[in-house]
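Here is a briefing on the fold of one chain. It takes the sheets, then the helices that cover them, then the helix pairs.

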Amino acid sequence: MTPVDASAQPGQAPWTCPFCPLLCDSFGVELAPPGTPPRLTGSECPRARSALAAFGGAAATERPRLDGRDCDLDTALAAAASLLAASRQPLFGGLGTDVAGARALYALACETGAICDPARGPALMHGLRALQDRGGFSTTLAEVRTRADLIVCMTGEPTPRYPEFFRRCGVGGPEGARTEILPLHGDLFDTVALLAALVAGRLAADDARVPADLAALSERLHAARYAVLVYEPGCLPAHGALIVEGIQRIVATLNRSTRAASLSLGGDDGAATVNQVFAWLSGLPLRSRAGPAGLEHEPLCFDAERLLADGAVDTLLWVSSFGPEPGPPPVDLPRIVLGHPQMRLQQEAMPPRELVFIPVSTPGIGSGGHLFRTDGSVLLPLRPLYDDGLPSVSDVVRRLTQSVQALRRGLAQ
C-alpha cells in the first residue's frame, strides 16, 4: 500500500471527500499505521469519519469470489460475462461509482440492453421528473455563499445528512445568510402549497386561515435580495416531484420582483454523477435502456424496486464502490457485485448460487477519479490516499464488456 500525502497544507492540492455530494475539499486526511483507518483533519464531519472507518483493512488481499469460493479475477470476470451474455433483461443497480465507471457502465448497458437505476433512484427521480415536467431555477454552492441573504430549508435541518452544508454556505460568518426551517402546517404538500399561494398573492397574509409564521416567511422571501430554497430529495415522500414543483413555483414567482433559486442536496453515492454521464452520452437520464425499440426512458416502469417485485429482470449487477452500504437487495437472482471489500461479508450471508463478487477500489481512497457536486455545475477530481491494489470499477466493467462481446460473437458464428 503506497501512501499519498493528502493533508490540506498550504501549496498542496487538498483531498476531496467522496462520501457525500458536497465534495468538500478544504480539509485533509492523515494516514494511520497499516490496519488503522485514515484520520480526518480540519473537520469534525461525522459522515466522513464514519465512512473512513471502513478503510482500515488490507484491501489488496481481498479476492473475488464465485459461488461462495475464492477465485482469481479472470475466473470471476468470465463467470460474470456468462451471466450477462445469457441474460434476457439485466438490471444495473447501486451505481456507486465515478465518471470513468459510469462511462464504462453505459457501454456495458448498451451491449446488454440493461436497465439502470441507482440505489436511491426514487429520490433522484423526484427532482428529475419535476425538471422534466416544469423546469426550474437552481443555484450553486458558491453563489449561495457569496450572494444569498436568506436560506430556507424546506425539508428540515440538512446537517444530519450533510454536516458541512452550512459551513460551505458561509452561515455563521459576519456576512452569512439568515437561515430558517420551513414551519409545517399539515404535511409538506399542504405547507408548500400554502406558501406558494401566499408568495403569489393568491392568499392574503391577514386571512384568518393563514398561519402567521408562513405569512411572515412569505414577506421575508419577498424582501430578500437573494433567497435560496434548499431541499433534500431523499427526505421527500412518495410523489415528492409535486413538492419540488411547488418549490419551483415559489422561486419563479419571487424572480418576478427579486432574485431566488432552489438548491437540491442529493445524488449520493455517485448517483448524480452517473445520471450526468448517462444524460450526456445518450441524451436520456437514468431509468433508461438501449432496448429493442432503441433508447427508452421510463421513470415509472424502470424503477428497480418495481422491476424486482414484478420479476421483470433476470440478472442483477450491483455497483457500490464508496462503502459497504448500500448493499444489493436480497433477491433470488443471479448476482454480480462490484463493491467495497467489506461487502464480501454481506454476500457470504446470502445464498451463494450464481453469485460473483469482485472487490473494487474506492475513488478518492485507493484510486483517483472524478465526481459531480450536488449543484451539478462542478466536476471535482478525487485524489487517492494510497494505492490499494484493487481494480477500479471502470477497469472491471470494460473487461466485462469485452468478454460479453466475445461471447456473443462466438454464439453468432
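Two strands count as paired if DSSP finds at least two bridges between them. On that basis, 4 strands form an open sheet in the order β9-β8-β10-β11, with parallel pairing. The model is predicted. In total, the chain holds 13 helices and 19 strands. Its radius of gyration is 23 Å, close to the 22 Å that the globule rule gives for 413 residues, so the chain is as compact as a globular protein of that length. The C-alpha trace spans about 75 × 55 × 35 Å along its principal axes.

- The edges are β9 (178-181) and β11 (259-264). Each has a single partner strand, so one side of each is left without a neighbour in the sheet.
- Neighbouring strands of this sheet are turned by 20° against each other on average, direction ignored.
- Strand β8 (residues 150-153) pairs with β9 in the parallel sense, over 4 bridges.
- Within that pair, C153 has I181 of β9 as its bridge partner.
- Which strands does α8 lie across? They are β8, β9 and β10 (226-231), and the helix runs at about 140° to β8.
- Helix α9 (residues 241-254) lies across β10 and β11. Its direction is at about 160° to β11.

**The sheet of 7 strands**

- A sheet of 7 strands is also open, and its order is β5-β4-β16-β15-β14-β6-β7. Its pairing is mixed.
- β5 (69-70) and β7 (115-116) are the edge strands, and each pairs on one side only.
- Strand β6 (residues 90-96) and strand β14 (residues 315-320) are parallel and share 5 bridges.
- L91 finds its bridge partner in β14 at L316.
- Helix α2 (residues 73-86) lies across β4 (65-66), β6, β14, β15 (335-339) and β16 (355-359). The helix runs at about 130° to β16.

**A hairpin**

- Strand β12 (residues 288-291) and strand β13 (residues 294-297) run antiparallel and are joined by 4 bridges.
- How many residues link the two strands of the hairpin, β12 and β13? The hairpin joins them through 2 residues.
- R289 stands opposite E296 in β13.

**Helix pair α7 and α8**

- Helix α7 (residues 188-200) packs on helix α8 (residues 212-223) at an angle of about 55°. Their axes are 9 Å apart.
- The crossing of α7 past α8 is right-handed.
- From α7, the contact takes T191, L194, L195, L198 and V199. From α8 come L214, A215, L217, S218, L221 and H222.
- By class, the contact of α7 with α8 has 8 nonpolar and 3 polar residues, and no charged ones.

**Helix pair α3 and α10**

- Helix α3 (residues 99-112) and helix α10 (residues 271-282) have axes that come within 9 Å. They cross at roughly 50°.
- That angle makes α3 oblique to α10.
- α3 passes α10 in a right-handed sense.
- The α3 side of the contact is V99, A102, R103, L105 and Y106. The α10 side is T273, V274, V277, F278, W280, L281 and S282.
- This contact of α3 with α10 divides into 9 nonpolar, 2 polar and 1 charged.

**Helix pair α4 and α9**

- Helix α4 (residues 121-134) meets α9 at an angle of about 55°, with the axes 8 Å apart.
- α4 and α9 are therefore oblique to each other.
- Their crossing is right-handed.
- α4 contributes H126, G127, R129, A130, D133 and R134 to the contact. α9 contributes A241, V244 and E245.
- What classes make up the contact of α4 with α9? The residues divide into 3 nonpolar, 2 polar and 4 charged.

How values were computed. Residues numbered from 1 in each chain as written. Predicted model: local features only at pLDDT ≥ 70, side-chain atom pairs only at ≥ 80, totals over all residues. Heavy atoms only, no water. Axes fitted to C-alpha atoms, helices over the stretch in contact; angles between N-to-C directions. Left-handed = near helix turned anticlockwise from the far one by under 90°. Contact = heavy atoms within 4.5 Å. Nonpolar A, V, L, I, M, F, W, Y, C, P; charged D, E, K, R; others polar. Rg over C-alpha atoms; globule rule 2.2 N^0.38 Å. Parallel < 35°, antiparallel > 145°, perpendicular 65-115°, else oblique.
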